[in-house]
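Hi,

Here is the structure I said I'd pass on.

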Amino acid sequence: MEGDEEEDYMSDLFLKQDVRPGLPMVRRVKEAIQKEEKQKEANEKNRQKSIKEKEKERRDLVLKSALGNENKGFALLQKMGYKSGQALGKSGEGIVEPIPLNIKTGRSGLGHEELKKRKAEEKLENYRQKLHIKKQANEQAADQFRIRFKTKQEERKMEGDLRKSQRACQQLDMQKDIDVPKETWFWIEPEEDDKKDEEDKEDECTSSDLSVSEKLRILTAYLREEHFYCIWCGTTYEDSEDLSSNCPGDSAADHD
């Protein structure tokens, strides 16, 4: 008899049980969640509503229901020929629905929301102006950087053209047995460690007053007049007539 009361581990009831690992834990979690939700529903039903909530429910209920004959205002309108669903006015151009209620539940004074909205708009407008000013400043800085970069590139190019003109001038002058340049800076001066005399210093100061573009203009004009040579073409012409007829011009822009 005791064997009959004991659980039969070979029975179909026992073998059909789901014994996957972790399944009892999942089942217990689901049951706990369901129990918690039922408890919340019961608490919500048993909870006493506040006065504000009761007033809101009554107000919503009244506003959803149409006016009946028991309403004195509606009764007077009916006596004057008004029918339910008809627009107000002699020609029916008025409103159909009553003016909606705007219930104020907060404790702030009248006009506070408008003031708050206006301040928010002003703050947003100030923020947009700051962004616009910052954007303009960034664009100006970028433009100035591009201008400086372009200027430096042009200066480096002019310095290279000047050195090229100085080398050409020195070679052409020496071919004509000219031992001393017309201007000290017409030739590329070799680097010397010895101190220069006072005349060299004065010449150097005088030449340093000229910009690179001015030196290049003067030197290219000298090469064209004295040697009929165009630095941009890299060609020595026979005479001034040959130079003027075959050379596009006396500047780099004319040769682009």
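What follows is a quick rundown of the salt bridges.

First, keep in mind that this is a predicted model. It holds three salt bridges, so here they are one by one, going by a cut-off of 4 Å between side-chain nitrogen and carboxyl oxygen.

Start with helix α4, which covers residues 51–64. There the side chains of D60 and K56 meet in a salt bridge, with 3.1 Å from N to O. The two are four residues apart in that helix, so about one helical turn separates D60 from K56. As for accessibility, D60 is partly exposed at 27%, and K56 is partly exposed too, with a relative accessibility of 46%.

Now go to helix α6, residues 112–175. D143 pairs with R146 there, and the closest N and O atoms are 2.2 Å apart. The spacing along the helix is three residues, so D143 and R146 are again separated by about one helical turn. D143 has a relative accessible area of 36%, which makes it partly exposed.

The remaining pair is D161 with K157, where the closest N and O atoms sit 3.4 Å apart. Both residues lie in helix α6 as well, four residues apart, or about one turn of the helix. And is D161 buried or exposed? D161 counts as buried, because its relative accessibility is 15% and the cut-off for buried is under 20%.

Cheers

Notes: Residues are numbered from 1 along each chain as its sequence is written. This is a predicted model: local features need pLDDT of at least 70, side-chain atom pairs count only at pLDDT 80 or more; totals for chains, interfaces and linings use all residues. Side-chain values use heavy atoms; hydrogens and water are left out. Buried means under 20% relative accessible area, exposed over 50%, partly exposed in between (1.4 Å probe, protein chains only).
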